[in-house]
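I opened the model to look up a few contacts, the strand pairing and the nonpolar cores. My notes follow in the order in which I looked.

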Amino acid sequence: MQVLDGHQATVSVVTFHPGGELLFTGDRAGGVRQWVGDAATVLTADGPPVTALAVDPDGVGLVTGTAAGWQLVYPGFAGGWHGPGVGGLAFLGQTRLAVGRGDRGREAGGLFGLYAPTTGRPAGPSYSAPK
């Protein structure tokens, strides 16, 4: 087993690049790293704990999710954080990102919505879990 050393906090999420040659990891201190073999490139060093990562189907963009929301972090930042806390991310084709979010205004449940990953704007309906 190969051990990748480099994070300063517990690794909370891992995802592979679609081509299989890259690995992305996120930690509880907000760090995100891109791995090629055992060499890491730091994409973000700190911030809110990372709760989700998703690579677009073409392997061009990486989105990170945290308690603060989500943002495109690779190949470059696309503005600030979008939405409330994120529990899950998944690309639906190239132009839509499915985001599972916590809803602080409800006693139970949460929200699920579709967004344009490059702008953060809604790209489909949002759904809320019943109370």
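Entry 1. I began with T15, which touches L23, F24, L53 and V55 when residues up to four places away in sequence are not counted; contact here means heavy atoms within 4.5 Å. This is a predicted model, in which local features need pLDDT of at least 70 and side-chain atom pairs count only at pLDDT 80 or more, while totals for chains, interfaces and linings use all residues. Residues are numbered from 1 along each chain as its sequence is written, and side-chain values use heavy atoms, with hydrogens and water left out.

Entry 2. I then placed T15 in strand β1, where helices (H or I, at least four residues) and strands (E, at least two) are DSSP runs numbered from the N terminus. T15 counts as buried because its relative accessibility is 18%; buried means under 20% relative accessible area, exposed over 50%, and partly exposed in between, with a 1.4 Å probe and protein chains only.

Entry 3. Next I followed the sheet, an open one of 4 strands in the order β1-β2-β3-β4 with antiparallel pairing; two strands pair if DSSP finds at least two bridges between them. Its edge strands, each pairing on one side only, are β1 (11-16) and β4 (39-44). Within the sheet, β2 (residues 23-27) and β3 (residues 32-36) pair in the antiparallel sense over 4 bridges, and L23, one of the residues that T15 touches, stands opposite W35 in β3.

Entry 4. Which residues make up the largest nonpolar core? I listed 11 residues: A52, A54, V63, W70, L72, V86, L89, F91, L97, V99 and Y115. Such a core is a set of buried Ala, Val, Leu, Ile, Met, Phe, Trp, Tyr and Cys residues joined through side-chain atoms within 4.5 Å. At least two residues of this core come from each of β5 (50-55), β7, β8 (86-92) and β9 (96-102), and β8 supplies the largest share, 3 residues.

Entry 5. For L97, leaving aside neighbours within four places in sequence, I noted contacts with V63, W70, L89, A90, F91, G113, L114, Y115 and P117. A second, separate core has 10 residues, including F24, V50, V55 and V73; F24 and V55 are also among the residues that T15 touches.

Entry 6. Last, I checked A67, which lies in the loop between β6 (62-66) and β7 (69-74). A67 counts as partly exposed because its relative accessibility is 43%. The C-alpha atoms of A67 and G87 are separated by 8.0 Å, although the two residues are 20 residues apart along the chain.
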